Each structure stands twice: as C-alpha cells, then as structure tokens.
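Me: I'd like to go through a protein structure with you, a bit at a time. Can you help me read it as we go?

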Amino acid sequence: MIKIDRRAMIAASGASLLFPRSALAQPRGDRFSWDMVIAQARRLSRQPYRETPHHPGARNVNYDALYQARFRDDRTIWGNLPGDTGVQLFPLSASAEQPVEIALVENGRATPLRYDPTIFDAPADNAVRQLGPDAGYAGFRVMTAARDGDWLSFLGASYFRSPGATKQFGLSARAIAINTSIQGKEEFPRFTHFWLERMGPSSLTIYALLDGASVTGAYRFISERTPQGVRQDVDAALFPRRAIAELGLMPMTSMFWYDQASRAARTDWRPEIHDSDLLAVGSADGTTHARPLINPSAPRVDGFTERNPRGFGLMQRDRDFDHYQDDGVFYERRPSLWASPRKPFGAGQVRLYEFPTTSEYVDNVCAYWTPAASVRPGSRIDASYRLDWSSATGPANSGALLANVWTGQANEAGVDRLILDFSGVAQDAKPDIWVDVADGALVRKGGYPVLHRPGLFRVALDIRRNSGKPADIRVQLRNGNRPFSEYVHYPLGA
C-alpha cells in the first residue's frame, strides 16, 4: 500500500486557498449530465491507458513551500453565497504532481476553470510561484461558512477525506483499491476530471472521472455537512480494462502506530498514536465483528467473508485525551468512517490489510470490500453506498462494545495474557465468555465487572501460542447461546 506523506497532506489541507468564480470560469459552458460522465468512462476504457504527465516544477513544492503559500481570502468559488459550500483549490506540489481538470456545473452546463497563478499570495521565490501560467490545480476543498476550515477535500490519486464533526482530519477514503494486498502489484487509479455542482448551503454534488491502467470509472458524490458529521451518497460505474486480481470497493486508509496493547512499538513519548483503532464489520444477520487494529511485524491480511453486509468501517473508538496527550493534532478527535451499501453487494469479503510502520506519517492500514465475482475486462460494475464521517463507535445495536485491549505476560512462562474490556454491560450481569483460539491454546479465562466503573466488564485470557507464532483469538460475551456483545477478533503476537 502507498506510503502517504501525511505532513504534506496536512499542510495542504491547512492552507487558506480561495477563488472567485467570475475570475476563474471560462466564458461558456457545455451540456453536462451524470450519464455523460458514465459514457465518457466507458469510452475511455476502450482506449489504451495514458498517464497524465507530471508537472516538472511540482516536485519543488515541498512541505515548507506549500505551507508558506498563502492564498487570497477574497477568491472563494461561491464565496458570495451563504453556507458551507465555498470551494477552494489546491496547487500542485511534490505530493500531488499531476493536474486535474475542474469545472463548475449550473443549470445543466459545465464551465471549466482556468488556472490563475495570481490567487497564490506567496513570496516571490516560493516554488508555487514558479509553476508557470498553465500549471493547473491538484484538487479542491470545501470550506465552512466561517472559512475557518474545510469539511471535505479531494487531493491526489483518488483520495478524499473529511474531518467529520470534530474538525480534525484523520483517515482518508479512496474511490477504488486495486491489488492492495498483493505485494508489488498495487495500482493507484486517479481522478482526472471533476465537476462541482452546488446543491444548497451545506451540500454539493461532485462528479469525477477515474482513469487507471486496469480500470476507468464514473463517480458521483452527493455530499452534505450535518451536525453529526459529513454524509456522502456515492454512485460508481466501473469499466475494467483488464482482469483484476483484487478489486477493493469503498476503501478507506488509516494510520496505526501503537496503543496501550502494543507498548513494544512505542518510541515516542506519547502514550498512543493512531488515527483509527478498530475495524468494525456489520453482518447481515445482525452480528457486529470488532477487530482491533495492530502494527504487525510483517504485512498481514485478514478477511471477513460476508453476503450483503450492513457495512464496515475504521473507527477511532478511544476518545480520551489523556490516552494520547497530543495537544497538537488531537488524535482523540479523529473521525470514524462507516461505509454502508445502498444496494446489496452480494457475496465477498471485508478485507483488512496492515503493514509495519515506525512513524505516524505513514498510512499503514487499509479496509475495503472485495466482491467474490471475478473482474473481467469489458464488463461494467455498479456500486452504490453511503459514507458517514462522524464520531461513531460502530454500527447501531451492536450490544456491549469492546472498550479496551491490553496484552502482557501471564504468571506462567511462555503464556501471554490478553485483557478485553467491554462497555455497556449491566453490573449484575453474569455473561458466559465464549472463546476460540487458533494456533494456540487457552490456558485459563475469567471475567468480572470492574469496580467503580459502571457498565465495564473485564475478560482476562491466558493463551499459550504455538512455538511463539501469532494466535488468532475470538471472544464474545453470551447469555447461553444468545450473544450480547460484539464478536471480537484479535491477532495475539502478530
């Protein structure tokens, strides 16, 4: 999976970039419709792939140059209209070297935006100033009404993200993932064209054309900012150019360095560093699976086989500042992202790919839906789903939720201890603790309510792993055969 330069992305998202529609729009508009974007993607799939050239000067726009390039505050697209849909554009940089074409849609007409270097208020020697008169833009972001931050941005390849209701960016989404878990085979199709249509004070529709070596696609994002966070209804029509071994739909990408259960990976002074701490999967039968994220010693793939799942998401469940002590980027405020199909997806897997990291600047986690059906060239794949960027802890009606994970050594040599805390358990409850261990043996188990912590129930497991290899642990609280907690999966020692 790609190693994202998080500092450059944060700098770009934090810059103040504003544009006027009248100065940037071309004098005339062409007819436009969603069907036209789909038709364009279909035609493009029948042609050989041609990569958009990298701008030769973009590599000189480093983190410092991007941060120093301030943008004129009087140049917002739709900035004279009330609401949260003022649009600002990103310049090319070392982390986004390929320009995209952007147009505004109004009354069924699309008007392209032309590049205007005067919008950048930067020192004369700044590399952004040296890009040239026809450099083009790297992407865009959608601003709050107060112009004190953005609530949605599209920048680089097919990446996009939102801070949700917390006003703090964290994980990212992608339009598509290609061969992510196949070593050396991952591809990164990119959005080459955007069409932006203002729908209301806090909503807009984004149409996008995707192009890549293996696939083309048309995307429509109906995006709205709400008090609970940002909601996007997404429609996609994909046209494979060739067979694809692993197609990832609704992909989301995050960073997990370490938490309280992985102290050995810690080299920084802060107690925990991660954008997300858990993958949640909602099965069609109502079961919710909870897989805490890890920083593995080697790349790892886990699959949850499903038919028509309710959804899945990367959660930032730990919301306690004291657990992070980061007063600069506030990890406890990072949004969760939940993806739910708007039309049944059939059979497939929710797949989780993790690889090792020693830095908070590398996104080392990716979750996505992989259809069971093979992907053939010349076919069409349609997808409709919803993305919710919020502070949610998981899907509704999940029962008792996994709240904490700790690992350590038990009192017996060669035995590990795994501690799992569940919240939302009645103080007088006496749940049965169901445990399954693969590649290891359960030595002992126990559970009890935590004193002075109402609703918190602690499970303690001693596990002997086979020859020190990772053991896959599954745990659930049950009342007889009736579960009343999430179904927890944990790769001990991975």
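Me: Leaving aside its neighbours within four places in sequence, which residues is Asp416 in contact with?
Reply: This is a predicted model, and in it Asp416 touches Gly408, Ala410, Leu461, Asp462, Ile463, Arg465 and Leu492, once neighbours within four places in sequence are set aside.

Me: Which of the side chains makes a polar contact with the side chain of Asp416?
Reply: That is the side chain of Arg465, and the polar contact between the two side chains is 2.6 Å.

Me: Where does Asp416 sit, in which strand? And is Asp416 buried or exposed?
Reply: Asp416 belongs to strand S28, which covers residues 416-423. Asp416 counts as buried because its relative accessible area is 18%, and the cut-off for buried is under 20%.

Me: How far apart are the C-alpha atoms of Asp416 and Ser262?
Reply: Those two C-alpha atoms are separated by 13 Å, although the residues are 154 places apart along the chain.

Me: You listed Asp462 among the contacts of Asp416. Which side chain does Asp462 meet in a salt bridge?
Reply: Asp462 forms a salt bridge with Arg417, with a distance of 2.7 Å from N to O. Asp462 lies in strand S31 (residues 457-465) while Arg417 is in strand S28, so this pair ties together parts of the chain that are 45 residues apart in sequence.

Me: Are those two buried or exposed?
Reply: They fall into two categories here: Asp462 is buried, with a relative accessible area of 2%, whereas Arg417 is partly exposed at 26%.

Me: Which residues do salt bridges that share partners join into one network?
Reply: The network is made of Arg291, Arg300, Asp302, Glu354 and Asp472, which are joined by salt bridges that share partners.

Me: How many salt bridges does the structure hold?
Reply: There are 28 salt bridges in the structure. As background, side chains of opposite charge can pair when their charged atoms come close.

Me: Which residue does Asp388 meet in a salt bridge, and which parts of the chain does the pair link?
Reply: Asp388 pairs with Arg231, at 3.0 Å from N to O. Asp388 counts as buried at 18% relative accessibility, and Arg231 counts as partly exposed at 37%.

Me: And what about Arg380, what does its side chain meet?
Reply: The side chain of Arg380 forms a salt bridge with that of Asp382, also given as 3.0 Å from N to O. Arg380 is partly exposed at 40% relative accessibility, and Asp382 is partly exposed too, with a relative accessible area of 49%.

Me: Then what does the side chain of Glu197 join in a polar contact?
Reply: A polar contact of 3.1 Å joins it to the side chain of Tyr207. Glu197 is located in strand S12 (residues 190-200), and beyond its neighbours within four places in sequence its contacts are Trp78, Val105, Leu204, Thr205 and Tyr207.

Me: What about Gln316, where is it found?
Reply: Gln316 is in the loop between strand S22 (311-315) and strand S23 (336-341), and it counts as buried at 0% relative accessibility. A polar atom of the Gln316 side chain lies 3.5 Å from the backbone oxygen of Asp275.

Me: How many aromatic pairs does a search of the whole structure find?
Reply: The search finds 22 aromatic pairs. One of them is Trp257 with Tyr258, an edge-to-face pair with 5.1 Å between centres and 70° between the planes. Trp257 is buried at 6% relative accessible area, and Tyr258 is buried at 0%.

Me: Last one, what is the mean pLDDT of the protein chain?
Reply: The mean pLDDT is 91, and 94% of the residues reach 70 or more. Over residues 2-23, however, the pLDDT is below 50, and this stretch has 87 contacts in the model beyond near neighbours in sequence.

Terms used
Residues are numbered from 1 along each chain as its sequence is written. This is a predicted model: local features need pLDDT of at least 70, side-chain atom pairs count only at pLDDT 80 or more; totals for chains, interfaces and linings use all residues. Side-chain values use heavy atoms; hydrogens and water are left out. Helices (H or I, at least four residues) and strands (E, at least two) are DSSP runs, numbered from the N terminus. A polar contact is a pair of N or O atoms within 3.5 Å; within protein, one must be able to donate a hydrogen and the other to accept it, and residues adjacent in sequence count only if both atoms are side-chain atoms. Contact means heavy atoms within 4.5 Å. pLDDT is the predictor's confidence in each residue, from 0 to 100. Rings of Phe, Tyr and Trp (its six-membered ring) pair if their centres lie within 6.5 Å; planes under 30 degrees apart count as stacked, over 60 as edge-to-face and the rest as tilted. Buried means under 20% relative accessible area, exposed over 50%, partly exposed in between (1.4 Å probe, protein chains only). A salt bridge is a side-chain nitrogen of Lys or Arg within 4 Å of a carboxyl oxygen of Asp or Glu.
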